[in-house]
Each structure stands twice: as C-alpha cells, then as structure tokens.
Amino acid sequence: MRLVFAGSPEVAAVSLAKILDEGKHEVLAVVTRPPARSGRGLARKPSPVGALAEERGVPVLAPTSAKDPQFQEALRELAPDCAPIVGYGALIPPALLAVPKHGWVNVHFSLLPAWRGAAPAQAAIAAGDEITGVSTFLLEEGLDTGPVFGQATERIRDTDTGGALLDRLAESGAQLLATTLAGIEAGALAPVPQAEDGASYASKISAADARVRWDLPSHVVDRRIRAMTPAPGAWTLLHDKRLKLGPLAKAQEAVSELGPGELRATKSAVYVGTGSEPLVLGEVRPEGKGPMRATDWARGARLEQGSCFA
C-alpha cells in the first residue's frame, strides 16, 4: 500500500522503522511535529520520527498545525491508501479523516477502551494494573473511540517505569501495526466497534501531576513515581527547592515510624515516610545538578532531624 506515516516521539519511530525495514509498503511521506528547540544552545532539532525519515530519505511534512491549508492540500495530492499514526501529538481535522482510502490506523498503548487519552501506559502503572497492551484502531472524531483492528497484551512488571513499559509497548505496537496493515491490504481485516463498558481516560500529565503526595500509601507513592519516570519526572520540595526523584524501594530492615515526607538518612540508605510504611530513596536530581545516589545527596544536603519533603 501507499502510506503516509504520522508520528513524532521515539516510540513512534519504532513503528516507522519496522515499516521501512520490511519494505512491503511505499512510504510516500512522514507527517510529524515541527523541529523544537532543545539543548543548551536551544538549536532546533527534528522529532525522532522526523530525524529517522530524513535519514532514510523519506519526505517530511512538519506543519505547525494540521489545519494548515497547504498541508491539507499536500496530503490530498499524495492520496495515500492508508495513514498509520503513532503519537503524532495533534488532532487530525475531520476534513482529513477520509483522505486515505483505508483511513488513519492509530497505534494506541492500551487495551481500548481502557485508558483512552494521552498517557495510557503511565496511567496503567499508576493505577496498579497488572495487564495492559497495545491496540490498533480506525481513527474517528472521538478521542480514541474508533473501532479496533487488533490488540496485543503486555504484563506490567513490579519494577516497570513509564519509560520501560513504553519501550516494550513500542516494539509490540510496531509488530501489531505491521500485522494490521497486512490484513487491511489483503481485505481480510475489519475493525470491531469498542465496547463502552470499561472505558477510562488518561489525561496528559502536567508538572503539577508529577508532584509526589507523601500522605498516600507507600504502594501508591511507588507506582506514581515509577509512572512518571523518566518523563515528566516525579518531584518534591525540600526547603522550597525542587528535587526530582527516581523509583523508590521497599525498606529491607525495620524502620521506626516516619511521618509523610519525613526523612531519615543513614550511611547506607535514605528513608522517607509515606501514608503507610517508609520507603527508600533511589536516585535523586537536585535543581541545577545531575542525577546522584540519595545517600550522596543526603551528605551534601546535611539533613537535620525532622527534615521533611513538602
């Protein structure tokens, strides 16, 4: 089939690489977010999908808005048979949904209708789900409500971070997309409407959402921090300064009671209180510094008795 691929982040580049490596379809162009400023020099860098497309010699369309008339005309001129879309980062206008002959085939990192929305993998970890997965579905105007072509499951591990889970889902999603495209091309695959029972939503994660609430039970604190790792990064405050936190661990020895957010440092560990039992800090990142072990940070921070995260 003649494809136009839409996507932006690294997890989407995995699917694009799979399509290009298999060579079963002609990729006419890639649609991605415009280059963004990053790094100390604030130079503009293409998205991971855009960078891969340039490397492979695939034309790139990077409109500031999918509503741009020139972009819409360019897409119509390409007249793709199908448009796979993975984490593009913007809504496709209704006027463009019917441009590809077989529609836009979206790869979503959940078992729809569970966790529709922007951050499904992170939401699944934070909620304590044991199983998640990927779905391919036909894009329509509703938010991730289109009929489903196929799904693949993935077990959530006790130590999974949002990044680690997304890495695995990106691989299984790429394989599922390849299978879905083959089924569509053969005329052997038709999407099935989603059930509304069990629908849940995973909103985009803001910086405020990533602030740790130490009054919650330890297992909830643990899951939420892992879900926010590596992005946007869980954080807390100490003396009005922000401290980013990596995943925590269970205490391996008896620790006397600590109030929510209360700290206690020993030579071998830094403990923090929660709404239930204390946990052990892992890697931390103070403002303006790189990541470091919590014990190294605590020595420099000179924690006093009663020091407490806010």
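Modeller: Gladly, and we can begin with the domains. By an automatic or database domain assignment, the chain holds domain 1 (2–202) and domain 2 (208–301). This is a predicted model, where local features need pLDDT of at least 70, side-chain atom pairs count only at pLDDT 80 or more, and totals for chains, interfaces and linings use all residues. Residues are numbered from 1 along each chain as its sequence is written, and side-chain values use heavy atoms, with hydrogens and water left out.

Biologist: How far apart do the C-alpha centres of domain 1 and domain 2 lie, and how many residues are in contact?

Modeller: The two C-alpha centres are 34 Å apart. Taking contact as heavy atoms within 4.5 Å, 12 residues of domain 1 meet eight residues of domain 2.

Biologist: What area is buried between domain 1 and domain 2, and which residues of domain 1 lose the most?

Modeller: Buried area is the accessible area (1.4 Å probe) that two parts lose on being put together, summed over both. Here that comes to about 680 Å², with carbon and sulfur atoms giving 55%. On the side of domain 1, 48% of the buried area comes together from the residues that lose the most: I125, A126 and T161.

Biologist: How many salt bridges and how many residue pairs in polar contact does the rule find across the interface?

Modeller: A salt bridge needs a side-chain nitrogen of Lys or Arg within 4 Å of a carboxyl oxygen of Asp or Glu, and the rule finds zero between domain 1 and domain 2. A polar contact is a pair of N or O atoms within 3.5 Å; within protein, one must be able to donate a hydrogen and the other to accept it, and residues adjacent in sequence count only if both atoms are side-chain atoms. With both residues at pLDDT 80 or more, the residue pairs in polar contact across this interface number six.

Biologist: Which element gives the largest share of the side of domain 1 that touches domain 2?

Modeller: Helices (H or I, at least four residues) and strands (E, at least two) are DSSP runs, numbered from the N terminus. Two or more residues each come from α5 (120–126) and α6 (162–185). The largest share, three residues, belongs to α5.
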